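Here's a quick briefing to read with the model open beside you. Have a look at the sequence and structure first, then work through the notes.

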Amino acid sequence: NRRVYTYVRAAFLAMTLGWLGYYAGGQLSVVNIMAYAQAPFAGGAVWSSFLLDPILFIVSVYVALTLFILGRGVFCGWLCPFGALQEFINKFARFIKIPQIKMNRTLQERLWAVKYIAAVVVVGLVFFSVEMAGTASEMEPFKTAISANFMRAWPYVLYAGILLFAGMFVERAFCRFLCPLGGTLGILGRVQMFNWLKRRPQCGTQCRVCEADCPMGAIEPSGKINMTECLQCLD
């Protein structure tokens, strides 16, 4: 039922943004991935710091478990506060009739690569310089838009604002093309155990509606779902 789906997803994302993000401070970041990467070399200190923030610890464990079972879409599509904020802004943009930019597949695939390159660079820098890795992780606007509630120096606020503005024309533009956390989870999630979003024999042949309508562009011309890019919105 289209109406039920719309209300349920909006309510869930509102909870993700309002409670998990702004109230409980549960915005996962590539910084957390960097800390996990360091943990085997840092003894018990890093793990102790995780336990000081129960919400982030619970979200991190949940994402780690679901990542290899269902892929990155469980977190990116439903539990990322900044992703929820982008989706709400895009829905408002559509409501007031702001035209949407539809990218051709070649350009989209090239832009997809940016977040994977960013993921490798940011996480890889941890093993050379924690300070440089911390600086590089600022390409995520999560701290500005969610954790600090836009109460930061103006360059950070401007950067986050530009990304959210772009999301008015291209749904979840940052998630799709720039997010190092999404890129990292996408790389790790390639070994997921279940492809539970089923397709029909007509997909990609007689019917290509999903390919045209998928906001992430995650449906290939063959009808197959690219689960690395799919946010599992269940639409």
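In which helix does Lys 115 have its place? Lys 115 sits in helix α7, and it is buried, with a relative accessible area of 0%. A word on ground rules: this is a predicted model, where local features need pLDDT of at least 70 and side-chain atom pairs count only at pLDDT 80 or more, while totals for chains, interfaces and linings use all residues. Residues are numbered from 1 along each chain as its sequence is written, and side-chain values use heavy atoms, with hydrogens and water left out.

**Terms used below**

- Helices are DSSP runs (H or I, at least four residues), numbered from the N terminus.
- Buried means under 20% relative accessible area, exposed means over 50%, and partly exposed is in between (1.4 Å probe, protein chains only).
- Touching, or contact, means heavy atoms within 4.5 Å.

**Lys 115 and the α7/α12 crossing**

- Not counting residues up to four places away in sequence, Lys 115 touches Arg 72, Cys 175, Arg 176, Phe 177, Leu 178, Cys 179, Pro 180, Gly 182, Gly 183 and Glu 229.
- Helix α7 (residues 105-125) packs against α12 at an angle of about 95°, and their axes are 7 Å apart; axes are lines fitted to C-alpha atoms, for helices over the stretch in contact, and angles run from 0 to 180 degrees between N-to-C directions.
- That makes α7 and α12 roughly perpendicular to each other (65 to 115 degrees; under 35 counts as roughly parallel, over 145 as roughly antiparallel and the rest as oblique).
- On the α7 side, the contact is made by Lys 115, Tyr 116, Ala 118, Ala 119, Val 120, Val 122 and Val 123; α12 brings Pro 180, Gly 182, Gly 183, Thr 184, Gly 186 and Ile 187.
- By class, this contact of α7 with α12 has eight nonpolar, four polar and one charged residues; Ala, Val, Leu, Ile, Met, Phe, Trp, Tyr, Cys and Pro count as nonpolar, Asp, Glu, Lys and Arg as charged, and the others, Gly among them, as polar.
- Seven of the nine residues of α12 are buried, so α12 is largely enclosed by the rest of the structure.
- The buried ones in α12 are Pro 180, Leu 181, Gly 182, Gly 183, Thr 184, Leu 185 and Gly 186.

- On a 1 Å grid over the protein atoms alone, a cavity is a set of points where a 1.4 Å probe fits but cannot get out, and a pocket is an open set with protein on both sides within 12 Å along at least five of seven lines; lining residues have an atom within 4 Å of a point.
- Grid points are joined across faces, edges and corners, and a volume is the space filled by probe spheres set on the points.
- The count comes to one cavity of 30 Å³ or more, and the largest cavity has a volume of about 50 Å³.
- Its lining is made of Arg 72, Phe 75, Cys 76, Cys 80, Phe 142, Cys 175, Cys 179, Leu 181 and Gly 182.
- Both α5 (73-78) and α12 (180-188) supply at least two residues of that cavity lining, which divides into seven nonpolar, one polar and one charged.

**The largest pocket**

- The largest pocket holds about 1,200 Å³ of space.
- It is lined by 43 residues, and Asp 213, Cys 214, Pro 215, Met 216 and Cys 233 lie nearest its centre.
- Helices α1 (2-23), α6 (81-95), α7 and α13 each give at least two residues to the pocket lining, with the largest share, six residues, coming from α1.
- The pocket lining divides into 21 nonpolar, seven polar and 15 charged residues.

- Asn 90 is in helix α6 and is buried at 0% relative accessibility; not counting residues up to four places away in sequence, Asn 90 touches Gln 100, Gly 167, Met 168, Phe 169, Val 170 and Glu 171.
- Met 139 is in the loop between α8 (130-136) and α9 (142-147), and at 22% relative accessibility Met 139 counts as partly exposed.
- Gln 232 has a positive phi, near 50°, in a residue other than glycine, and Gln 232 is buried, with a relative accessible area of 3%.
- Leu 234 also has a positive phi, near 70°, but Leu 234 counts as partly exposed at 47% relative accessibility.
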